[in-house]
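These are my notebook entries on a structure I looked up. I begin with a question on helix packing and then turn to other parts.

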4 protein chains.
Amino acid sequence: MASGRVRVGIVGASGYTGGELLRLLATHPKVEVTVATSREYAGQPITNVHFHLKGFLGNLKFSQLSIDQLSERCDLVFTSTPSGVAKDFAPELLEVGVRVIDLSPDFRLKDPSQYERWYEFAHPSPDLLERAVYGLPELHREELRGARLVACPGCNATAALLSLIPAVEQKLIDLDHVVVDVKVGSSEAGMRPTLGTHHPERANVMRPYEATGHRHVAEVEQELSALSGKTVRVALVPHAVGAVRGALATSHVWLVDRSTDELAVWRAFARRYGHEPFVRIVRGGRYPDPKYVIGSNFADVGMAVEQRIGRAALFAAIDNLMKGAAGQAVQCMNLVFGFDEREGLYAPPLRPA
Amino acid sequence: MASGRVRVGIVGASGYTGGELLRLLATHPKVEVTVATSREYAGQPITNVHFHLKGFLGNLKFSQLSIDQLSERCDLVFTSTPSGVAKDFAPELLEVGVRVIDLSPDFRLKDPSQYERWYEFAHPSPDLLERAVYGLPELHREELRGARLVACPGCNATAALLSLIPAVEQKLIDLDHVVVDVKVGSSEAGMRPTLGTHHPERANVMRPYEATGHRHVAEVEQELSALSGKTVRVALVPHAVGAVRGALATSHVWLVDRSTDELAVWRAFARRYGHEPFVRIVRGGRYPDPKYVIGSNFADVGMAVEQRIGRAALFAAIDNLMKGAAGQAVQCMNLVFGFDEREGLYAPPLRPA
Amino acid sequence: MASGRVRVGIVGASGYTGGELLRLLATHPKVEVTVATSREYAGQPITNVHFHLKGFLGNLKFSQLSIDQLSERCDLVFTSTPSGVAKDFAPELLEVGVRVIDLSPDFRLKDPSQYERWYEFAHPSPDLLERAVYGLPELHREELRGARLVACPGCNATAALLSLIPAVEQKLIDLDHVVVDVKVGSSEAGMRPTLGTHHPERANVMRPYEATGHRHVAEVEQELSALSGKTVRVALVPHAVGAVRGALATSHVWLVDRSTDELAVWRAFARRYGHEPFVRIVRGGRYPDPKYVIGSNFADVGMAVEQRIGRAALFAAIDNLMKGAAGQAVQCMNLVFGFDEREGLYAPPLRPA
Amino acid sequence: MASGRVRVGIVGASGYTGGELLRLLATHPKVEVTVATSREYAGQPITNVHFHLKGFLGNLKFSQLSIDQLSERCDLVFTSTPSGVAKDFAPELLEVGVRVIDLSPDFRLKDPSQYERWYEFAHPSPDLLERAVYGLPELHREELRGARLVACPGCNATAALLSLIPAVEQKLIDLDHVVVDVKVGSSEAGMRPTLGTHHPERANVMRPYEATGHRHVAEVEQELSALSGKTVRVALVPHAVGAVRGALATSHVWLVDRSTDELAVWRAFARRYGHEPFVRIVRGGRYPDPKYVIGSNFADVGMAVEQRIGRAALFAAIDNLMKGAAGQAVQCMNLVFGFDEREGLYAPPLRPA
């Protein structure tokens with residue numbers, strides 16, 4: 001480690017998640033960014049794309065992806081690539097001892113057959129799937145310490161899971177009728193312009209999308225099934241709404257026991273998340289709203305119970321680029337290297353924003 | 001009727017729904033607005049508040065609510081008042097032969113005891129509750145013709161019902177696990193500024209509210225129960241999202257028969273709504289989005305079926321001030337007076353908006 | 001004319017302006033849309049692109065541009081094409097007696113050399129430039145009656161001109177220091193997605209663009225020069241701001257006579273615009289805001305005078321797709337055919353929106 | 001100083017600027033917040049209002065304003081109060097040796113008579129006006145070191161000044177025709193809901209306001225006059241536009257020498273701002289946009305020169321709550337105490353946001 005700092009690289013550094021990683025790592029006291037790759041912008045200063053970073057990260061330039069360069073210059077590599085890319089080069093990095101935190105879906109699922117079903121490719125490294133740690137610290141903190149390969153959750157999966165973990169773990173809800181209604185901001189679609197993200201079309205929307213086959217369903221079901229010991233299926237529908245950042249999961253669930261009241265559900269949350277550095281429980285007439293975690297790594301969670309009909313709504317609100325992507329990846333990195341988990345991350349959200 | 005036109009009054013004409021009624025009636029060929037009341041602005045030209053209407057409606061001024069004046073000058077009165085107000089003066093109007101289309105909740109529920117439960121008042125005219133017609137033409141068209149008292153649905157109720165009617169009526173879904181997740185624009189909160197509607201706080205939100213006791217639940221359950229012949233309970237959670245106009249109901253339901261596919265659900269919709277002038281079925285990879293009905297009286301409906309787990313998502317998208325309020329009220333008025341149901345209403349939405 | 005209606009075609013009907021023309025013409029009582037061309041979507045129903053128009057215009061389909069077809073089936077053709085396209089085919093239409101209302105810049109400038117300077121092409125039909133009528137009814141109403149070729153103004157030019165005409169015409173201001181600061185919504189950029197219009201990048205902007213060479217400057221200077229009899233130059237800077245529709249021109253001007261007060265400027269506006277059907281003067285503590293003309297063909301104009309330093313701010317607010325494009329084109333068409341100028345256009349704006 | 005940290009208080013801590021100060025100071029390594037006053041919320045935890053700060057600042061509660069308490073517990077007090085409040089209690093604090101950084105306008109103007117003209121009060125402490133340092137480090141850095149009373153600029157004034165300083169100082173522009181067109185986000189209006197900030201009315205606006213008497217004009221003219229040695233008057237019009245944060249000044253100016261080109265203006269900027277830690281010059285086809293400084297203390301500045309007519313547009317983009325208020329106040333505090341000027345402030349903006 002040069003100058004006592006961990007040397008990190010970012011593969012796919014020109015997108016929004018790459019930019020957010022660069023933003024966080026630019027002021028992280030234990031880390032030095034040594035490589036940032038981009039096929040499209042190789043050779044150019046990162047500020048050509050991420051002009052908001054002007055004044056930071058010295059004269060860092062984008063380079064082409066080179067395993068040799070990454071091996072030489074990095075202790076750890078974040079991969080922020082489309083699905084199906086990291087699976088092909090991550091193994092080489094691991095072999096030469098470089099740790100990998102993958103922000104793509106390529107190592108999230110344990111069962112290789114699920115990749116054929118949800119992602120339409122045969123996974124080349126089923127052994128790595130077993131070894132990869134699903135990078136949700138609230139579920140896998142101990143495994144993350146010292147991990148060599150981390151598979152960071154999708155943003156919608158992060159929100160869905162954080163809303164459901166306490167109630168599932170503590171067997172409060174009917175696992176056969178779990179509905180997750182997700183709302184997301186436009187940055188979730190990445191940096192590539194399409195008609196769907198064209199401002200006149202994207203502003204003011206309340207637009208359902210991938211209403212039956214959203215890919216994050218696979219990892220949500222995997223983690224909830226592992227947690228409950230039963231096969232859990234979720235009815236998940238994401239909706240694009242009028243915001244740039246943010247993801248809210250509203251999990252609509254039915255209570256096993258009609259006498260369960262809001263206090264009981266709150267206790268389940270408090271027990272589960274009381275010591276979590278980045279989960280805050282919202283109460284007192286308010287519910288979580290991603291608006292109030294913008295720019296931070298916090299997940300705000302909350303609940304409402306309608307005893308009249310024995311159901312609850314469980315909420316988790318995150319900034320999709322932070323706790324839903326780059327922030328969570330840095331949190332994982334802190335655990336991997338044994339740093340304080342909050343290092344470089346523990347700052348308040350922006351408000352109003 | 002002066003000049004062969006129906007004379008209409010609007011009580012509570014200074015709010016958003018009042019303004020929208022005025023906008024629609026200003027160009028309605030069979031109607032003349034003779035009275036517009038407002039406690040706060042009585043004596044002032046309506047364009048002091050509704051400055052967008054400059055150039056329309058002559059020199060119409062707001063006046064104080066006067067039953068005598070309304071009786072003399074109106075054949076029909078729209079009441080756009082907060083809950084608990086119309087119940088007290090509507091009976092007098094009806095008595096002197098003035099028809100009433102109430103846009104408040106005061107006559108929507110058939111069972112008087114429900115007013116105590118949901119609205120915290122004892123209803124003074126239970127007999128009128130029986131005679132009032134619930135103003136959703138898609139459910140009560142025949143009763144609306146010639147009706148003397150119409151109770152227009154709430155905006156969220158309109159969206160929820162339109163998403164669910166075909167599947168409930170045709171017994172496709174499990175009535176014990178009906179979830180309705182609603183997203184709404186900021187105009188739904190009316191014209192009174194609060195911290196919750198303050199732009200810095202309201203912009204970019206994904207904010208759940210009234211997660212367990214939203215009042216529109218009462219009328220949704222009433223109409224679905226009547227339709228199905230069973231007691232239906234719905235788990236409804238509204239969310240404020242980043243838009244001015246629009247309401248989307250996403251109804252998450254479980255299919256009675258796992259073999260039901262999307263085509264079967266579409267057929268149920270087509271059968272039910274095929275001849276409806278203001279309901280459009282959206283298919284072909286798109287789902288309904290309120291953005292694309294802005295400014296119009298259309299409800300766009302649609303569906304997605306996930307056979308993997310036997311569930312469906314049923315959508316209805318409306319402009320909350322149009323099909324969710326003023327537009328629907330005018331549609332009812334057209335039916336009441338035997339006009340063409342589309343009169344003054346049948347125009348395309350604004351796009352992009 | 002089939003069925004007594006004027007038969008109109010739209011060339012370039014798949015963009016936002018094309019869609020807006022279709023929306024307006026769908027309910028225009030004197031017109032029938034017979035042709036709608038689109039290179040990209042020829043053969044498809046117009047509702048594939050303009051799905052908000054579902055239920056209108058019968059089964060109209062996009063077709064390829066064909067002069068023969070347009071000649072046969074149209075009395076008038078609107079051309080809504082990028083700069084440099086209409087100049088090549090409009091002459092053929094005119095020759096066979098089809099009237100043309102061009103919404104592109106191809107016939108706006110009288111001096112052919114200006115096309116080389118601002119648009120980088122040599123104009124093939126300088127004679128037509130002379131005959132074309134600049135389609136701002138507030139300046140050229142009489143010439144528009146019966147016109148065969150109309151060149152509709154650009155949206156920013158429309159706003160700039162409407163803010164300045166009374167003061168220029170009545171010689172109130174210093175013509176050597178005219179500043180026009182324009183703010184526009186995202187729909188002005190058309191329907192083609194780019195990084196600049198990508199929602200995450202376009203939302204919340206206050207972004208200057210084309211700060212020194214905006215092409216609408218040419219037509220603004222042409223019309224103001226003609227109006228004043230002097231060579232007028234304007235310092236115009238447009239800014240993209242956070243809205244879908246709308247354009248506001250704030251013209252910052254210095255008064256020739258320091259004793260000119262706000263009443264005097266108002267009188268100039270009132271004299272000039274008092275009888276204009278689509279210009280409304282805003283006073284009484286408010287200034288024009290495009291928000292309050294959305295969906296309508298109105299231009300709201302207003303003024304503020306600071307006698308302390310002898311300057312004024314003159315405002316014009318329009319919906320860029322209406323008075324800035326399609327609405328104004330229909331207003332011109334009404335004049336061309338001798339219809340009531342308000343026909344199919346005179347409806348209130350949407351509020352709130 | 002307890003624990004070696006400077007003890008600071010915030011008077012008026014419950015508004016947006018107060019919240020932003022708390023956010024910044026929560027992670028500032030050299031400072032401890034000991035007092036936060038609020039008339040309305042005294043006795044309540046600050047997180048009741050600033051719920052985004054949950055997890056920070058211990059159990060800090062709002063207290064009533066008490067000079068005794070502030071004297072005892074603070075080395076420095078930030079005053080974030082409406083105009084006319086700080087002038088009455090700041091003198092007492094200064095007398096007992098507490099430093100004051102005032103974010104209100106009460107000490108910005110040097111000439112007491114200007115308070116009567118622009119703020120409608122007679123200033124009680126003309127002597128303090130002389131001693132107060134105008135808190136724009138780019139103009140008054142040396143005076144700020146060790147200062148006892150700092151008067152932080154208004155947000156629009158900060159943007160206006162930063163756009164104009166290099167050109168005024170280097171005598172490039174005609175000082176008799178300076179136009180400043182400002183665009184601002186909704187957070188500039190503070191936390192108090194009004195009809196003008198009600199989301200349905202405030203979303204999508206392009207709304208001029210205070211078009212002739214904006215109070216920040218006074219300080220802009222004062223500073224530019226001091227800088228140029230001549231009486232400078234500016235024609236400033238602010239516009240509310242569709243964003244929560246951000247302020248852009250577009251200064252439209254006429255060049256003294258027609259041969260001045262963009263490079264010459266850029267050189268003036270580079271000379272003036274080259275060593276400024278929080279001013280970044282934007283070039284290369286882009287202009288400054290507040291969107292890209294959101295959440296940071298940066299001012300992005302830029303320029304466009306149209307030699308055709310001898311004019312320039314000079315831009316400055318800031319986050320109104322940061323460089324326009326709390327960030328700049330902390331920058332001033334760093335100078336006052338001799339800390340590194342960047343301490344607790346030097347972090348990249350959020351993008352996209």
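At what angle do helix 6 and helix 11 of chain D pack, and how far apart are their axes? I note at the outset that the model is predicted. I found that helix 6 (residues 137–144) of chain D and helix 11 (residues 326–337) of chain D pack at about 30°, with their axes 9 Å apart. Helix 6 of chain D is therefore roughly parallel to helix 11 of chain D, since angles under 35 degrees count as roughly parallel. I recorded the crossing of helix 6 and helix 11 of chain D as right-handed.

I then looked up the residues that make this contact. Helix 6 of chain D contributes D:Pro137, D:Arg141 and D:Leu144, and helix 11 of chain D contributes D:Gln331, D:Cys332, D:Leu335 and D:Val336. By class, I counted five nonpolar residues, one polar and one charged in the contact of helix 6 with helix 11 of chain D.

**Entry on chain B**

I turned next to helix 7 (residues 137–144) and helix 12 (residues 326–336) of chain B, whose axes come within 9 Å and cross at roughly 30°. Helix 7 and helix 12 of chain B are therefore roughly parallel to each other. Helix 7 of chain B passes helix 12 of chain B in a right-handed crossing. On the side of helix 7 of chain B I listed B:Pro137, B:Arg141 and B:Leu144; they meet B:Gln331, B:Cys332, B:Leu335 and B:Val336 of helix 12 of chain B. This contact of helix 7 with helix 12 of chain B has five nonpolar residues, one polar and one charged.

**Entry on helix 10 of chain A**

How many residues does helix 10 of chain A have, and what distance does it reach from its first C-alpha to its last? I found 13 residues, 216–228, and a reach of 18 Å, close to the 18 Å expected at 1.5 Å a residue. I noted A:His216, A:Val217, A:Ala218, A:Glu219, A:Val220, A:Glu221, A:Glu223 and A:Leu224 as buried in helix 10 of chain A. The buried residues of this helix pack against helix 5 (112–119), strand 6 (133–134), helix 7 (137–144), helix 8 (155–169) and strand 10 (234–241) of chain A. After helix 10 of chain A comes A:Gly229, with a positive phi near 75°.

For chains D and C, the contact takes 37 residues from chain D and 37 residues from chain C. Helix 8 (199–202), strand 9 (206–208) and strand 10 (234–241) of chain D are among the elements that each supply at least two residues of the side of chain D that touches chain C. By class, I noted 20 nonpolar, eight polar and nine charged residues on that side of chain D.

**Entry on C:Thr158**

Is C:Thr158 buried or exposed? I located C:Thr158 in helix 7 (residues 155–169) of chain C. C:Thr158 is buried, because 27 other C-beta atoms lie within 10 Å and 20 or more count as buried. Setting aside neighbours within four places in sequence, I listed its contacts as C:Leu136, C:Pro153, C:Ile318, C:Lys323, C:Gly324 and C:Gln328. The C-alpha atoms of C:Thr158 and C:Ala247 are separated by 9.3 Å, although the two residues are 89 residues apart along the chain.

Key:
Residues numbered from 1 in each chain as written. Chains lettered and ligands numbered in written order. Predicted model: local features only at pLDDT ≥ 70, side-chain atom pairs only at ≥ 80, totals over all residues. Contact = placed C-beta atoms within 7 Å. Helix = DSSP H or I, 4+ residues; strand = E, 2+ residues; numbered from the N terminus. Nonpolar A, V, L, I, M, F, W, Y, C, P; charged D, E, K, R; others polar. Axes fitted to C-alpha atoms, helices over the stretch in contact; angles between N-to-C directions. Parallel < 35°, antiparallel > 145°, perpendicular 65-115°, else oblique. Left-handed = near helix turned anticlockwise from the far one by under 90°. Expected span 1.5 Å × (residues − 1). Buried ≥ 20, exposed ≤ 12 C-beta atoms within 10 Å, placed from the backbone.
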